[in-house]
Amino acid sequence: MTKVLVLDAGHGGNGSTAGKRTLNGANGVIYEWNLNNAVCNYIADILKDYDVTIHRTDDTSGKTDISLSERVKRCNQYNPDLFISIHHNAHNSVWGDHSGTEVYYHTNGTAEDKKVAGLLAPKLASACGVRNRGVKHAKFTVLTCRATAILVEGGFMDSVNDYPIITSAKGQKAYAQAVAEVVIDYLKLTKKKVSQSVTPSKKDSFLVKITCDELNIRKSASFDSKIVGVVKKNEVFTIVEEKNGLGKLKSGAGWISMNTKYIEKL
């Protein structure tokens, strides 16, 4: 039976959540949801060949910060085998320092919640090359869903040590790889069997990172098409089709230029 995984990119993008942003480093100020979303996309990409159905509880356009209660409701509707909320950390002077990764389960959680957290904590820190701050528990609302659930805190957004890691594609992929490996192990996932009679897709989807300040989203695959929105620097998106020098966003929001002056293929 196909397993069900629910991913949750914490908060909302483009300032829809107060605070929740990095320091102003070499890659500029990046909102936390954009980091979380990139990691979720990488996880989904790694798991695309496995027998698992993946859902998201957040707004994948980043425009809205979905309420915590609504995220729990959505998760429960999917009836998943595992729920993982992806986050990045920020400094709290009570802790005394701020660098490294943590994995949480609910204070009133199950042994399975704690088990998954314990599997991921050392693997995540090792993959990202940062300090393992360990397994912790807290009464986070999103962890009150019915599924086995954990909340992951990547490196600190306000740490000069962690910033270069969490804002880089390499660091985000390392984060995603660690999570994906635990998902594969815990859910005992197997790779999908590909029928020889099925003609493979001519083009696979791929990720792009926006390198200019703003890039227009167009309604259709034409540079003369109506502008329906914009994407911003350092945001990462999945492209599912290329046509006339533009790429189609997986979200269905429209098409963006594939000119390497404006985007970087990851």
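**Figure 1. Lys20 in the loop between strand 1 and helix 1.** The model is predicted, and local features require pLDDT of at least 70, side-chain atom pairs count only at pLDDT 80 or more, and totals for chains, interfaces and linings use all residues. Residues are numbered from 1 along each chain as its sequence is written, and side-chain values use heavy atoms, with hydrogens and water left out. Helices (DSSP runs of H or I, at least four residues) and strands (runs of E, at least two) are numbered from the N terminus. Lys20 has a positive phi of about 50 degrees, although this residue is not a glycine. With a relative accessible area of 38%, Lys20 is partly exposed; buried means under 20%, exposed over 50% and partly exposed in between (1.4 Å probe, protein chains only).

**Figure 2. Asn234 in the loop between strand 9 (227-232) and strand 10 (236-243).** Phi of Asn234 is near 75 degrees, again a positive value in a residue other than glycine. Most residues other than glycine have a negative phi. Asn234 counts as buried, at 12% relative accessibility.

**Figure 3. Helix 1, a mostly covered element.** Twelve of the 15 residues of helix 1 are buried, among them Trp33, Leu35, Val39, Tyr42 and Ile43.

Figure 4. His88 counts as buried, at 3% relative accessibility. Its side chain makes a polar contact of 2.8 Å with the side chain of Asn36 (a pair of N or O atoms within 3.5 Å; within protein, one must be able to donate a hydrogen and the other to accept it, and residues adjacent in sequence count only if both atoms are side-chain atoms). Leaving aside residues up to four places away in sequence, His88 touches Glu32, Leu35, Asn36, Val39, Glu153, Gly154, Gly155, Met157, Ile166 and Tyr175, where contact means heavy atoms within 4.5 Å.

**Figure 5. The largest nonpolar core, with 41 residues.** Such a core is a set of buried Ala, Val, Leu, Ile, Met, Phe, Trp, Tyr and Cys residues joined through side-chain atoms within 4.5 Å. Leu47, Ile84, Ile86, Leu120, Val152 and Val183 touch the most other members. Elements that each supply at least two residues include strand 1 (3-9), helix 1 (32-46), strand 3 (82-89) and helix 5 (169-187). Helix 5 provides the largest share, twelve residues. Apart from this core lies another, of 13 residues, including Ile210, Cys212, Val231 and Met258.

**Figure 6. The aromatic pair of Tyr104 and Phe140.** The structure holds one aromatic pair (rings of Phe, Tyr and Trp, the latter by its six-membered ring, with centres within 6.5 Å; planes under 30 degrees apart count as stacked, over 60 as edge-to-face and the rest as tilted). The ring centres of Tyr104 and Phe140 are 5.1 Å apart and their planes stand at 70 degrees, so the pair is edge-to-face. Tyr104 belongs to strand 4 and Phe140 to the loop between strand 5 (132-138) and strand 6, 36 residues apart. Tyr104 is buried at 8% relative accessibility, whereas Phe140 is partly exposed at 28%.
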